[in-house]
Amino acid sequence: MKYALFTGATGDLGRCCIEEISKLGDWTVFAGGTNDEKLAQLGEIENVIPIRLDVTSDESVEAAYEIIHSHTYRLQAIVNFAGIHVFTSMVEGNCVEEIDRMLQVNVMGMVRVNKRFFEMVRIGRGRIINCSSESGWMTPQPFNGPYTMTKYAVEAYNDSLRRELMYLDIPVIKIQPGSFKTQLTNKIFRDFDKCIENTNYYSRILTTMKPMMTMELGLDHDPKKLAQKVILALTSPLPRTKYKVCTGKLLMALELLPDKAVDLAYKVVVHA
Ligand SMILES: NC(=O)c1ccc[n+]([C@@H]2O[C@H](COP(=O)([O-])OP(=O)(O)OC[C@H]3O[C@@H](n4cnc5c(N)ncnc54)[C@H](OP(=O)(O)O)[C@@H]3O)[C@@H](O)[C@H]2O)c1
(Lines give C-alpha, C1' and ligand atoms only; values in the text may rest on other atoms or scores of the structure.)
Protein backbone atom coordinates (compact mmCIF):
# COMPACT_ATOMS: atom_id res chain seq x y z
CA MET A 1 0.00 0.00 0.00
CA LYS A 2 1.18 3.54 -0.82
CA TYR A 3 0.37 6.51 1.41
CA ALA A 4 -0.55 10.09 0.53
CA LEU A 5 -1.39 13.10 2.66
CA PHE A 6 -3.99 15.27 0.89
CA THR A 7 -4.83 18.74 2.30
CA GLY A 8 -8.02 20.52 1.25
CA ALA A 9 -9.64 17.09 1.02
CA THR A 10 -12.99 18.40 2.27
CA GLY A 11 -13.25 20.82 -0.65
CA ASP A 12 -15.13 20.05 -3.85
CA LEU A 13 -12.00 19.48 -5.96
CA GLY A 14 -10.22 17.66 -3.14
CA ARG A 15 -13.07 15.23 -2.57
CA CYS A 16 -13.34 14.43 -6.28
CA CYS A 17 -9.59 13.70 -6.44
CA ILE A 18 -9.78 11.50 -3.37
CA GLU A 19 -12.68 9.46 -4.76
CA GLU A 20 -10.65 8.82 -7.92
CA ILE A 21 -7.44 8.01 -6.03
CA SER A 22 -9.37 5.59 -3.83
CA LYS A 23 -10.49 3.71 -6.97
CA LEU A 24 -6.83 3.00 -7.82
CA GLY A 25 -6.93 0.51 -4.93
CA ASP A 26 -3.26 0.70 -3.93
CA TRP A 27 -3.28 4.05 -2.12
CA THR A 28 -4.31 4.98 1.40
CA VAL A 29 -5.10 8.69 1.64
CA PHE A 30 -4.86 10.75 4.80
CA ALA A 31 -7.52 13.32 3.96
CA GLY A 32 -7.03 16.66 5.72
CA GLY A 33 -9.50 19.46 6.41
CA THR A 34 -11.18 21.36 9.23
CA ASN A 35 -14.87 20.72 8.49
CA ASP A 36 -15.83 17.82 10.79
CA GLU A 37 -19.00 16.90 8.90
CA LYS A 38 -17.17 16.65 5.59
CA LEU A 39 -14.29 14.79 7.20
CA ALA A 40 -16.79 12.21 8.49
CA GLN A 41 -18.20 11.83 4.95
CA LEU A 42 -14.68 11.30 3.56
CA GLY A 43 -14.22 8.53 6.11
CA GLU A 44 -16.87 6.51 4.28
CA ILE A 45 -14.64 6.24 1.19
CA GLU A 46 -12.51 3.12 1.00
CA ASN A 47 -8.84 3.56 1.97
CA VAL A 48 -9.41 7.10 3.21
CA ILE A 49 -8.45 8.17 6.73
CA PRO A 50 -9.83 11.62 7.61
CA ILE A 51 -7.47 13.85 9.58
CA ARG A 52 -8.32 17.16 11.24
CA LEU A 53 -5.71 19.52 9.82
CA ASP A 54 -5.65 23.31 9.88
CA VAL A 55 -2.67 24.23 7.68
CA THR A 56 -2.29 27.61 9.39
CA SER A 57 -1.63 26.07 12.81
CA ASP A 58 1.64 24.46 13.93
CA GLU A 59 -0.24 22.60 16.69
CA SER A 60 -2.79 21.21 14.26
CA VAL A 61 -0.10 20.10 11.79
CA GLU A 62 1.84 18.49 14.64
CA ALA A 63 -1.27 16.63 15.87
CA ALA A 64 -1.93 15.40 12.31
CA TYR A 65 1.71 14.31 12.04
CA GLU A 66 1.39 12.21 15.21
CA ILE A 67 -1.73 10.45 13.90
CA ILE A 68 -0.26 9.79 10.44
CA HIS A 69 3.04 8.62 11.93
CA SER A 70 1.14 6.08 14.03
CA HIS A 71 -0.05 4.48 10.74
CA THR A 72 3.11 4.74 8.63
CA TYR A 73 6.61 6.18 8.80
CA ARG A 74 6.72 6.98 5.10
CA LEU A 75 4.63 8.86 2.54
CA GLN A 76 4.69 8.39 -1.23
CA ALA A 77 3.05 11.80 -1.72
CA ILE A 78 1.89 15.04 -0.20
CA VAL A 79 -0.85 16.74 -2.22
CA ASN A 80 -1.56 20.34 -1.15
CA PHE A 81 -5.04 21.51 -2.12
CA ALA A 82 -6.03 23.62 0.91
CA GLY A 83 -6.87 27.08 -0.36
CA ILE A 84 -9.22 30.03 0.02
CA HIS A 85 -10.27 32.92 -2.18
CA VAL A 86 -11.20 36.45 -1.19
CA PHE A 87 -12.30 38.78 -3.96
CA THR A 88 -11.37 42.30 -2.95
CA SER A 89 -10.03 45.65 -4.06
CA MET A 90 -6.41 46.15 -3.00
CA VAL A 91 -7.04 49.61 -1.51
CA GLU A 92 -10.40 49.34 0.26
CA GLY A 93 -12.07 47.50 3.13
CA ASN A 94 -10.13 44.94 5.19
CA CYS A 95 -7.82 44.14 2.30
CA VAL A 96 -4.65 43.99 4.43
CA GLU A 97 -6.13 41.38 6.79
CA GLU A 98 -7.77 39.48 3.94
CA ILE A 99 -4.61 39.29 1.85
CA ASP A 100 -2.64 38.20 4.90
CA ARG A 101 -5.17 35.45 5.71
CA MET A 102 -5.08 34.19 2.14
CA LEU A 103 -1.28 34.13 2.12
CA GLN A 104 -1.34 32.19 5.39
CA VAL A 105 -3.62 29.47 4.01
CA ASN A 106 -2.60 29.30 0.34
CA VAL A 107 1.15 29.79 0.70
CA MET A 108 2.39 29.38 4.26
CA GLY A 109 0.03 26.42 4.83
CA MET A 110 1.79 24.61 2.00
CA VAL A 111 5.23 25.57 3.33
CA ARG A 112 4.30 24.37 6.84
CA VAL A 113 2.85 21.03 5.73
CA ASN A 114 5.69 20.21 3.32
CA LYS A 115 8.31 21.10 5.93
CA ARG A 116 6.73 18.92 8.64
CA PHE A 117 6.11 15.87 6.43
CA PHE A 118 9.23 16.21 4.26
CA GLU A 119 11.20 13.50 6.07
CA MET A 120 8.35 11.00 5.61
CA VAL A 121 8.33 11.77 1.88
CA ARG A 122 12.11 11.37 1.69
CA ILE A 123 11.95 7.99 3.40
CA GLY A 124 9.04 6.98 1.15
CA ARG A 125 10.92 8.09 -2.03
CA GLY A 126 7.78 10.12 -2.64
CA ARG A 127 6.81 13.33 -4.36
CA ILE A 128 5.16 16.65 -3.55
CA ILE A 129 2.21 18.02 -5.53
CA ASN A 130 1.13 21.64 -5.03
CA CYS A 131 -2.11 23.10 -6.32
CA SER A 132 -1.57 26.44 -8.02
CA SER A 133 -4.08 27.89 -10.50
CA GLU A 134 -4.21 29.47 -13.92
CA SER A 135 -4.09 32.66 -11.82
CA GLY A 136 -0.56 31.57 -10.87
CA TRP A 137 0.81 32.18 -14.36
CA MET A 138 -1.66 34.49 -16.10
CA THR A 139 -1.65 38.27 -16.07
CA PRO A 140 -3.78 39.37 -13.07
CA GLN A 141 -7.43 40.16 -13.66
CA PRO A 142 -8.69 43.37 -12.00
CA PHE A 143 -9.89 42.75 -8.41
CA ASN A 144 -8.52 39.18 -8.43
CA GLY A 145 -5.15 40.59 -7.36
CA PRO A 146 -4.87 39.19 -3.83
CA TYR A 147 -5.64 35.61 -4.93
CA THR A 148 -3.26 36.06 -7.86
CA MET A 149 -0.53 37.20 -5.45
CA THR A 150 -0.93 33.99 -3.45
CA LYS A 151 -0.85 31.75 -6.51
CA TYR A 152 2.19 33.56 -7.98
CA ALA A 153 3.83 32.89 -4.62
CA VAL A 154 2.79 29.23 -4.83
CA GLU A 155 4.44 29.06 -8.28
CA ALA A 156 7.69 30.60 -7.01
CA TYR A 157 7.66 28.38 -3.92
CA ASN A 158 6.92 25.26 -5.96
CA ASP A 159 9.66 25.92 -8.54
CA SER A 160 12.23 26.79 -5.88
CA LEU A 161 11.34 23.65 -3.92
CA ARG A 162 11.60 21.57 -7.10
CA ARG A 163 15.09 22.91 -7.77
CA GLU A 164 16.13 22.15 -4.20
CA LEU A 165 14.60 18.69 -3.89
CA MET A 166 15.80 17.53 -7.32
CA TYR A 167 19.17 16.96 -5.62
CA LEU A 168 17.38 14.42 -3.40
CA ASP A 169 15.41 12.89 -6.31
CA ILE A 170 12.07 14.08 -4.94
CA PRO A 171 9.81 15.39 -7.72
CA VAL A 172 7.84 18.55 -6.98
CA ILE A 173 4.91 19.09 -9.32
CA LYS A 174 2.35 21.85 -9.68
CA ILE A 175 -1.25 21.59 -10.83
CA GLN A 176 -2.63 24.66 -12.63
CA PRO A 177 -6.43 24.34 -12.84
CA GLY A 178 -8.71 26.67 -14.75
CA SER A 179 -12.14 27.47 -13.37
CA PHE A 180 -14.33 24.79 -11.70
CA LYS A 181 -17.64 25.40 -9.94
CA THR A 182 -16.94 24.82 -6.25
CA GLN A 183 -17.59 26.37 -2.84
CA LEU A 184 -14.56 28.56 -3.56
CA THR A 185 -16.03 30.03 -6.76
CA ASN A 186 -19.50 30.39 -5.14
CA LYS A 187 -17.83 32.53 -2.51
CA ILE A 188 -16.36 34.78 -5.24
CA PHE A 189 -19.93 35.72 -6.31
CA ARG A 190 -20.83 36.61 -2.71
CA ASP A 191 -17.61 38.64 -2.27
CA PHE A 192 -18.22 40.38 -5.59
CA ASP A 193 -21.68 41.57 -4.48
CA LYS A 194 -20.26 42.67 -1.11
CA CYS A 195 -17.56 44.62 -2.96
CA ILE A 196 -20.20 46.39 -5.10
CA GLU A 197 -22.15 47.33 -1.95
CA ASN A 198 -19.16 48.63 0.00
CA THR A 199 -16.89 50.29 -2.56
CA ASN A 200 -16.45 54.04 -2.76
CA TYR A 201 -14.93 53.96 -6.24
CA TYR A 202 -15.80 50.88 -8.27
CA SER A 203 -19.54 50.30 -8.05
CA ARG A 204 -20.24 51.05 -11.74
CA ILE A 205 -17.11 49.25 -12.95
CA LEU A 206 -17.80 46.11 -10.90
CA THR A 207 -21.44 46.06 -11.97
CA THR A 208 -20.37 46.21 -15.62
CA MET A 209 -17.77 43.50 -15.03
CA LYS A 210 -20.12 41.11 -13.28
CA PRO A 211 -21.53 39.37 -16.40
CA MET A 212 -17.97 38.71 -17.65
CA MET A 213 -16.96 37.24 -14.35
CA THR A 214 -20.15 35.19 -14.21
CA MET A 215 -19.34 33.80 -17.66
CA GLU A 216 -15.74 32.91 -16.73
CA LEU A 217 -16.67 31.31 -13.40
CA GLY A 218 -19.80 29.71 -14.83
CA LEU A 219 -17.74 27.33 -16.99
CA ASP A 220 -18.88 23.91 -15.87
CA HIS A 221 -15.72 21.86 -16.20
CA ASP A 222 -15.81 18.29 -14.98
CA PRO A 223 -13.63 18.03 -11.83
CA LYS A 224 -12.78 14.46 -12.86
CA LYS A 225 -10.53 16.00 -15.56
CA LEU A 226 -8.58 17.63 -12.78
CA ALA A 227 -8.51 14.40 -10.76
CA GLN A 228 -7.01 12.61 -13.78
CA LYS A 229 -4.13 15.11 -13.89
CA VAL A 230 -3.56 14.75 -10.16
CA ILE A 231 -3.43 10.98 -10.59
CA LEU A 232 -0.89 11.41 -13.42
CA ALA A 233 1.21 13.63 -11.17
CA LEU A 234 0.86 11.05 -8.40
CA THR A 235 1.66 7.90 -10.36
CA SER A 236 3.70 8.77 -13.45
CA PRO A 237 7.25 7.36 -13.25
CA LEU A 238 8.42 10.53 -15.01
CA PRO A 239 5.98 13.26 -13.92
CA ARG A 240 5.97 16.63 -15.67
CA THR A 241 6.91 19.71 -13.68
CA LYS A 242 3.36 21.06 -14.14
CA TYR A 243 -0.07 20.00 -15.32
CA LYS A 244 -2.50 22.55 -16.74
CA VAL A 245 -6.17 21.58 -16.82
CA CYS A 246 -9.24 23.31 -18.29
CA THR A 247 -7.42 26.60 -18.90
CA GLY A 248 -9.78 29.50 -19.75
CA LYS A 249 -9.56 30.17 -23.50
CA LEU A 250 -10.45 33.87 -23.35
CA LEU A 251 -7.98 34.52 -20.55
CA MET A 252 -5.31 32.58 -22.42
CA ALA A 253 -5.87 34.78 -25.49
CA LEU A 254 -5.12 37.85 -23.35
CA GLU A 255 -1.72 36.33 -22.55
CA LEU A 256 -0.71 36.88 -26.17
CA LEU A 257 -1.12 40.67 -25.86
CA PRO A 258 1.38 43.18 -24.42
CA ASP A 259 0.60 44.47 -20.89
CA LYS A 260 -0.62 47.89 -22.06
CA ALA A 261 -2.99 46.32 -24.58
CA VAL A 262 -4.47 44.14 -21.82
CA ASP A 263 -4.84 47.20 -19.56
CA LEU A 264 -6.64 48.99 -22.37
CA ALA A 265 -8.88 45.99 -23.06
CA TYR A 266 -9.93 45.86 -19.39
CA LYS A 267 -10.59 49.62 -19.45
CA VAL A 268 -12.55 49.56 -22.69
CA VAL A 269 -14.82 46.66 -21.71
CA VAL A 270 -16.01 48.51 -18.61
CA HIS A 271 -16.19 51.85 -20.50
CA ALA A 272 -13.99 53.50 -17.85
N1 LIG B 1 -12.34 26.02 -8.03
C2 LIG B 1 -11.54 26.57 -8.91
O3 LIG B 1 -11.99 27.12 -9.93
C4 LIG B 1 -10.05 26.54 -8.72
C5 LIG B 1 -9.23 26.95 -9.78
C6 LIG B 1 -7.85 26.93 -9.62
C7 LIG B 1 -7.28 26.49 -8.43
N8 LIG B 1 -8.10 26.09 -7.41
C9 LIG B 1 -7.46 25.66 -6.18
O10 LIG B 1 -7.92 24.36 -5.85
C11 LIG B 1 -7.84 24.17 -4.42
C12 LIG B 1 -9.16 23.62 -3.93
O13 LIG B 1 -10.18 24.56 -4.21
P14 LIG B 1 -11.75 24.19 -4.32
O15 LIG B 1 -12.26 24.91 -5.49
O16 LIG B 1 -11.98 22.73 -4.15
O17 LIG B 1 -12.29 25.00 -3.04
P18 LIG B 1 -13.21 24.56 -1.82
O19 LIG B 1 -14.27 23.63 -2.24
O20 LIG B 1 -13.60 25.84 -1.16
O21 LIG B 1 -12.16 23.77 -0.88
C22 LIG B 1 -11.16 24.45 -0.17
C23 LIG B 1 -10.45 23.47 0.71
O24 LIG B 1 -9.42 24.18 1.42
C25 LIG B 1 -9.53 23.81 2.78
N26 LIG B 1 -9.04 24.84 3.69
C27 LIG B 1 -9.36 26.14 3.73
N28 LIG B 1 -8.73 26.72 4.77
C29 LIG B 1 -8.00 25.74 5.39
C30 LIG B 1 -7.15 25.70 6.51
N31 LIG B 1 -6.87 26.80 7.24
N32 LIG B 1 -6.56 24.52 6.85
C33 LIG B 1 -6.84 23.42 6.12
N34 LIG B 1 -7.65 23.38 5.06
C35 LIG B 1 -8.22 24.54 4.71
C36 LIG B 1 -11.00 23.56 3.01
O37 LIG B 1 -11.13 22.72 4.15
P38 LIG B 1 -12.19 22.99 5.34
O39 LIG B 1 -13.40 23.62 4.75
O40 LIG B 1 -12.42 21.62 5.90
O41 LIG B 1 -11.43 23.88 6.26
C42 LIG B 1 -11.36 22.82 1.74
O43 LIG B 1 -11.01 21.47 1.86
C44 LIG B 1 -7.46 25.54 -3.84
O45 LIG B 1 -6.08 25.57 -3.58
C46 LIG B 1 -7.80 26.50 -4.97
O47 LIG B 1 -7.03 27.68 -4.91
C48 LIG B 1 -9.45 26.11 -7.52
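**Close-up views of a predicted model**

Helix 4 and helix 5 cross in a right-handed manner, where right-handed means that the near helix is turned clockwise from the far one by less than a right angle, and left-handed that the near helix is turned anticlockwise. The model shown is predicted, so local features need pLDDT of at least 70 and side-chain atom pairs count only at pLDDT 80 or more, while totals for chains, interfaces and linings use all residues. Residues are numbered from 1 along each chain as its sequence is written.

**View A. The crossing of helix 4 and helix 5.** The axes of helix 4 (residues 95-123) and helix 5 (residues 145-165) come within 9 Å and cross at roughly 25 degrees; helices (DSSP runs of H or I, at least four residues) and strands (runs of E, at least two) are numbered from the N terminus. The two helices are therefore roughly parallel to each other, a term that applies to angles under 35 degrees. On the helix 4 side the contact (C-beta atoms, placed from the backbone, within 7 Å) includes Cys95, Met102 and Val111, and on the helix 5 side Pro146, Ala153 and Tyr157 are among the residues involved. By class, the contact residues divide into 13 nonpolar, 2 polar and 1 charged.

**View B. The shell around the ligand.** The shell has 12 nonpolar, 16 polar and 3 charged residues.

**View C. The surroundings of Gly33.** Gly33, placed in strand 2 (residues 27-33), is buried, with 24 other C-beta atoms within 10 Å, where buried requires 20 or more such atoms, exposed 12 or fewer, and partly exposed a count in between. Leaving aside neighbours within four places in sequence, Gly33 is in contact with Gly8, Ala9, Thr10, Lys38, Leu39 and Leu53.

**View D. The surroundings of Arg74.** Arg74 lies in the loop between helix 3 (58-71) and strand 4 (77-80) and is partly exposed, with 15 other C-beta atoms within 10 Å. Once neighbours within four places in sequence are left aside, Arg74 is in contact with Tyr3, Met120, Ile123 and Gly124. The C-alpha atoms of Arg74 and Glu119 are separated by 8.0 Å, although these residues are 45 residues apart along the chain.

Key. Axes fitted to C-alpha atoms, helices over the stretch in contact; angles between N-to-C directions. Parallel < 35°, antiparallel > 145°, perpendicular 65-115°, else oblique. Contact = placed C-beta atoms within 7 Å. Nonpolar A, V, L, I, M, F, W, Y, C, P; charged D, E, K, R; others polar. Near = placed C-beta within 6 Å.
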